[in-house]
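Please look at the sequence and the structure below before reading on. The paragraphs that follow lead through a sheet, its strands and a pair of helices.

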Amino acid sequence: MKKNVWGVLITAAMMASLTAGCASNSSTNDVKTTAAAESKTKEAGTQAATEAAKGKEDMTVYMVAKGFQSQYWQAVYKGAQKASGELGVHLEFQGPDSESDIAQQVQMMNNAVQMKPAAIGLAALDVSALNDSIKSSQDAKIPIIGFDSGVPDAPKGAVVANAATDNYKAGEVAAENTYPLIKDLIAKSSKSVRIGVLNQDATSESIISRGLGFIDKITELIKADGKTVCITGNDKFVTDSKTDKGNSADVILDVAVPSKVEASLMTTDAQTILNKEDTICIFASNQKTGEGLITGDENLGRLGKDVIGVAFDSGTMIKDAIKSGKLAGAVTQAPVEIGYQTVKLAVAAAKGESVADVDTGSQWYNKDNMDSSDISQNLYD
């Protein structure tokens, strides 16, 4: 009887141990299963994140600028790089060797379309020359973002938005800040006086709009003070301005455009106007003409004395001339912001999001405010 009891007890103990072992194994298996599931989930998440990142990296924004060598376009490139880094997209940035090399820009635009990027940023030198490649981009459903001067008169629907300075308004800003500097000279003069307007070309929308903004606003301000104004010089600006045509008035606006976009020719244009005895002021509508104005005055020494010089954009020469008093001031764009906003708009357009034009702004600066934080961030060397 006792032997049977011990047998029962031993059997019961063995059963309990076996049950506990099974439970322990089950628990271990559950942990292993859960860990495996979590590992798979984590792996799937990592793979999804990698694919998403790869998708972003595979998105290419191709920007075709008007140039690449000048400090201005390098500043635009800097802004574009910043945005592409933040958004995780690949950036291609190209520009011709010279801003007069239209054929080279056309080839760059053709190359951009062939690469089939997510979007293209374009600052057109000559829209008519680019129309075929713009149409090819449109046919391939590649949205175009205009920047700097944009792409005026492009095929309808090809350009979905622009990131650019309102150049006509920027020209007005230059005139509004120039006029107080010459108002008394005009009022006190017993004979006609001359204001020169230097432009690097008569084909770029930004240069044309900027020049016309200055011409129209300075004419308005002078006429409001009871003086007559006429315009002479380059046909494009003479025809499109709101100023009376001719070469006889209280104030003569003398508009110069070189036959080619070459620094030496811009210097020659500046010297020609500086050599006219009645010249009291010259406005240079971009960095290159501003530098041409400074160079053209080296042997004449009229700037900062009997001629008021006003420029546009920035760069070491222009900034130094303002600090020394040779130039009274200049208007700066925000080139870094132009590049930055172009990439942002391009990525949004590539994703099918609604986009709209962005005015990147302009500011007047002189030796009194050029070191302030809101101005200095837009002044490149």
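A residue is called buried if its relative accessible area is under 20%, exposed if it is over 50%, and partly exposed in between, with a 1.4 Å probe and protein chains only. The structure is a predicted model, in which local features need pLDDT of at least 70 and side-chain atom pairs count only at pLDDT 80 or more, while totals for chains, interfaces and linings use all residues. Residues are numbered from 1 along each chain as its sequence is written, and side-chain values use heavy atoms, with hydrogens and water left out.

Helices (H or I, at least four residues) and strands (E, at least two) are DSSP runs numbered from the N terminus, and two strands are said to pair if DSSP finds at least two bridges between them. Six strands form an open sheet in the order 2-1-3-4-5-13, with parallel pairing; its edge strands, each pairing on one side only, are strand 2 (90-94) and strand 13 (358-359).

Strand 3 (residues 119-122) is covered on both faces, with Ala119 and Gly121 buried on one side and Ile120 and Leu122 buried on the other. Strand 3 pairs with strand 1 in the parallel sense over four bridges, and here methionine 63 stands opposite glycine 121. Strand 3 is also joined to strand 4, by three bridges and in parallel, with isoleucine 144 of strand 4 as the bridge partner of isoleucine 120. Between strand 3 and strand 4 the chain passes through helix 4, and this β-α-β crossover is right-handed, meaning that, with the strands pointing away from the viewer, the path from the first strand over the helix to the second runs clockwise.

Strand 4 (residues 144-147) in turn pairs with strand 5 (residues 159-164) in the parallel sense over four bridges, and alanine 163 in strand 5 is the bridge partner of phenylalanine 147. In strand 1 (residues 60-64) lies threonine 60, which counts as buried because its relative accessibility is 14%. Taking contact as heavy atoms within 4.5 Å, and not counting residues up to four places away in sequence, threonine 60 touches His90, Glu92, Pro117, Ala118 and Ala119.

Helix 3 (residues 102-115) packs with helix 4 (residues 127-139) at an angle of about 5 degrees, their axes 9 Å apart, where axes are lines fitted to C-alpha atoms, for helices over the stretch in contact, and angles run from 0 to 180 degrees between N-to-C directions. Helix 3 is therefore roughly parallel to helix 4, a term for angles under 35 degrees. Residues making this contact include Ile102 and Val106 of helix 3 and Leu130 and Ile134 of helix 4.

Technical notes. Parallel < 35°, antiparallel > 145°, perpendicular 65-115°, else oblique.
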